[in-house]
Amino acid sequence: MAPALESGDIVLIDKRASPRKGDIVVADVELLRCTVVKRVAAEGGDTVEIQEGKLFINGECVEEPYVLQENADEKGTWKKRQLVSGTYFLLGDNRKISLDSRKFGCVKNEEIKGTVVFGLF
């Protein structure tokens, strides 16, 4: 999640908040059997596509100022898919090396443990 968060940072999460696009969340990914910290790119009902590293949600290119140019994955692609209700598509800000929904798929609402509201660096 660099540069927003670095390894070893401590975060405070809100377990009651409903995640929205752009929020950083903590999720226990069932498939990986581990906890990840990622940014919500899309939610149930949205259509997601990645073309040459650019994220498209519902057909519109998304501005992502938190993804630094040196961390962008300019060759990245992900075929257009519509998310099932109650799921989230999560992406790391460091796209070149991030293990995220491009690899493990969408996460269910129950897998989201909370939304990051504060970070201690």
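Colleague: How do the residues lining the second largest pocket divide into nonpolar, polar and charged?

Modeller: They divide into 5 nonpolar, 2 polar and 2 charged. Ala, Val, Leu, Ile, Met, Phe, Trp, Tyr, Cys and Pro count as nonpolar, Asp, Glu, Lys and Arg as charged, and the others, Gly among them, as polar. The lining includes Met1, Leu5, Glu6, Ser7 and Val37.

Colleague: What should I know about the source?

Modeller: The model is predicted; local features need pLDDT of at least 70, side-chain atom pairs count only at pLDDT 80 or more, and totals for chains, interfaces and linings use all residues. Residues are numbered from 1 along each chain as its sequence is written, and side-chain values use heavy atoms, with hydrogens and water left out.

Colleague: What makes a space a cavity and not a pocket?

Modeller: The work is done on a 1 Å grid over the protein atoms alone. In a cavity a 1.4 Å probe fits but cannot get out; a pocket is an open set with protein on both sides within 12 Å along at least five of seven lines. The structure holds 1 cavity of 30 Å³ or more.

Colleague: What is the volume of the largest pocket?

Modeller: About 310 Å³. A volume is the space filled by probe spheres set on the points, which are joined across faces, edges and corners.

How values were computed
1 Å grid on protein atoms, 1.4 Å probe; cavity = no way out; pocket = protein on both sides within 12 Å on 5 of 7 lines; lining within 4 Å.
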